[in-house]
Amino acid sequence: MNLRRKLAQLLVLRASGFSSDSQRRYPRWELANAELQYWLSQGVGGVILLGGSSADLALRCRELQQWAGSAAQNRLLLCADVEEGVGQRFEGATWLVPPLALAPLWQAEPQRAEALARAYGRCTGREAQIIGLNWVLAPVCDVNNNPANPVINVRAWGETAAAAAALSCAFLQGLEGEGVLGCAKHFPGHGDTNQDSHLQLPQLLHSRERLEQLEFVPFRAAIGADVASVMTAHLQLPALDRERPATLSGAVLSQLLRQELAFNGLIVTDALVMEAITNHYGPGEAAALAFEAGADLILMPADAAAALDALEQGCITGRWSEERLEQSIQRRQSALGRCRPTGIDAAAALASLAHLQAPHGALAQELLQLSLQQQGSKGLQGPGVNLIRVDSSLACAPLPLAAPALLRPEAAGFKTTLIDGRSQPLNLEALAPGPVLLQLFVRGNPFRGSAGADGYWAEVVQTLLKQQKLAGLVVYGSPYLWQELQQLLPKNLPAAYIPGQMPGAQALALEALGLGAARHEGGFTN
């Protein structure tokens, strides 16, 4: 194998889970098929996928491997960010509550919570393996001790180091027991930031002593549990390196992670297209600096050709040794050796997922029920307004046409008004007359730049209470928003909180308010 092809094995490029170029949701990052086929023929060793159904993905994984070639040395790492179950990204699989939902249960019943986290991992790993993925980019090992964190938030397994370590390791046991690789992220810890590294480079100004006591704890536990891979964080940590972010820092990756913490698995960068990196470094130099710092795999380089050119030039000029390259290649091969062969026949995948629907659906429902919080009386009746806030009404997976959040209030006489982050500021005076059922889909998410609440909804709730118009409240997602709003509510006002945003979570929360299944909830034609 020539030098350039060896280096190409270290790149992980982004692709759509759909087969057609016209179906790409994010063409800025997802390569067209001709480009993808070219790079796989050149030896690129990994693909990260998003979009499509489970059956689409089973077909896509088989197609990608065919493009790469059938020889053992061409075996691909096929991964996805399925932190909340495979159904979070690919329809037809199981979508689970966000991990942070288990943290309160762990405080009260740690053994039960850890058993559920293992089941969560088994569910995710089994479904990933069935549809063709061999690498799951989870668990998030960050400790979300900052409620204003815009990007980690409910993706974390805990708000304390102990909870995050225990639950993420239980998840890993379940996940990797199914023959897929896990990934502890985002090292050395992205939990205590109030900036989103997709948009800018956050700083974490804590001392080394504080990092040892909190941020490092879940990663030490994951390494002790033999996690297959660790993903870097695009963070500036002056206590560790005053010049470079963690992803590009030899002090963080080689000295701390590889030597001090004795991690021998794969180190993978977070996506190099994120603006925390691209705002400061060119695509070639970012890839070279990451590899020089100790990363084995380069995830989503901003320009694959530039990244590969820079890596090749670094080898030729002696910037790093050939032995260093062989070490990364060997770690990649060792990781693949841990993977169970994937079943990527689409028909077989669908049959297997159908067989798992009952037990995995029961797990999803149990997690929802355990995380539901409610107060007040039942029995909402209109006419009134069903005021729903979502991140974007143009692409909102939790809100299909037959969503319970739409149909159940409408059946009780509440006419829906939908607003989102692109809307004009809410004008309460312009709402239709009558009581208001307020449903808030709010949680931390990448690219938003905030945790999603920012005090605004507390003002809205106070205004509606003063006007005696607030009939009920449901918060889907953020426990921090729920805590803020719940203290404003009269004890008898119907209200509920649930961490999930999927239709199953909506049905359960609205049932707690007395709104049962609507006539067309199972769907209707258009």
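Guide: Two strands count as paired if DSSP finds at least two bridges between them, and the strands (E, at least two residues) and helices (H or I, at least four) are DSSP runs, numbered from the N terminus. This is a predicted model, in which local features need pLDDT of at least 70 and side-chain atom pairs count only at pLDDT 80 or more, while totals for chains, interfaces and linings use all residues. Residues are numbered from 1 along each chain as its sequence is written, and side-chain values use heavy atoms, with hydrogens and water left out.

Visitor: What makes strands S12 and S13 a pair?

Guide: Strand S12 (residues 436-442) and strand S13 (residues 470-477) are joined by seven bridges in the parallel sense, and the rule asks for at least two, so they pair. Within S13, leucine 473 is the bridge partner of leucine 438.

Visitor: Where does helix H17 pack?

Guide: Helix H17 (residues 479-486) packs on the sheet, where it touches S9, S12, S13 and strand S14 (495-498), contact being heavy atoms within 4.5 Å. Its direction makes about 155° with that of S13, on axes fitted to C-alpha atoms, for helices over the stretch in contact, with angles from 0 to 180 degrees between N-to-C directions. That sheet is open and mixed in pairing, with six strands in the order S9-S14-S13-S12-S10-S11.

Visitor: Why is arginine 408 called buried?

Guide: Its relative accessibility is 7%, and buried means under 20%, with exposed over 50% and partly exposed in between (1.4 Å probe, protein chains only), so arginine 408 counts as buried. Arginine 408 is found in helix H15 (residues 404-411).

Visitor: What does the side chain of arginine 408 reach?

Guide: It reaches the backbone oxygen of leucine 515 at 3.0 Å. Leaving aside neighbours within four places in sequence, arginine 408 is also in contact with residues including Ala507, Glu511 and Glu521.

Note on methods:
A polar contact is a pair of N or O atoms within 3.5 Å; within protein, one must be able to donate a hydrogen and the other to accept it, and residues adjacent in sequence count only if both atoms are side-chain atoms.
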